[in-house]
Amino acid sequence: MIIENRHVHFVLWLKNLIATIVFVLLIFAIYLTSFFDNLIPGLNKNGYTIILGVIYIAFIAYPNVLK
């Protein structure tokens, strides 16, 4: 009996790829536009980057934690 895990592996890889692309685009948007300057008073661009980085790492690490 052979267990096929290619589909599950591909879906996980695709989710990680999409999350990485969205993360990179958001980081570019934070540093190249002025939209995030006054969105939350007292939070600078580095704060947004740290928050998004923590969310990104949690999203990527979540399936590994479930194993």
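In this predicted model, helix α1, residues 6–32, packs with helix α2, residues 45–66, at an angle of about 180 degrees, and their axes lie 10 Å apart. That angle makes α1 roughly antiparallel to α2, because angles over 145 degrees count as such.

Let us turn to the contact itself. On the α1 side, the residues that meet α2 include Leu12, Ala19, Phe23, Ile27 and Ile30. Their partners in α2 include Tyr48, Leu52, Gly53, Tyr56, Ile60 and Pro63. Sorted by class, the contact of α1 with α2 has 13 nonpolar, five polar and two charged residues.

Which of its residues are buried? They are Ala19, Ile27 and Ile30, and the buried residues of α1 pack against α2. As for length, α1 has 27 residues, which should span 39 Å at 1.5 Å a residue; the end C-alpha atoms of α1 are 38 Å apart, which agrees.

In α2, the buried residues are Gly47, Tyr48 and Gly53. What covers the buried residues of α2 includes α1. The 22 residues of α2 should span 32 Å at 1.5 Å a residue, and the distance between the end C-alpha atoms of α2 is 32 Å, in agreement.

Finally, where does α2 have a kink? The kink lies at Ile60, shortly before the proline Pro63, and amounts to about 35 degrees.

How values were computed:
Residues numbered from 1 in each chain as written. Predicted model: local features only at pLDDT ≥ 70, side-chain atom pairs only at ≥ 80, totals over all residues. Heavy atoms only, no water. Axes fitted to C-alpha atoms, helices over the stretch in contact; angles between N-to-C directions. Helix = DSSP H or I, 4+ residues; strand = E, 2+ residues; numbered from the N terminus. Parallel < 35°, antiparallel > 145°, perpendicular 65-115°, else oblique. Contact = heavy atoms within 4.5 Å. Nonpolar A, V, L, I, M, F, W, Y, C, P; charged D, E, K, R; others polar. Expected span 1.5 Å × (residues − 1). Bend = angle between axes of the 7 residues up to and from the residue. Buried < 20%, exposed > 50% of the residue type's maximum accessible area, 1.4 Å probe, protein only.
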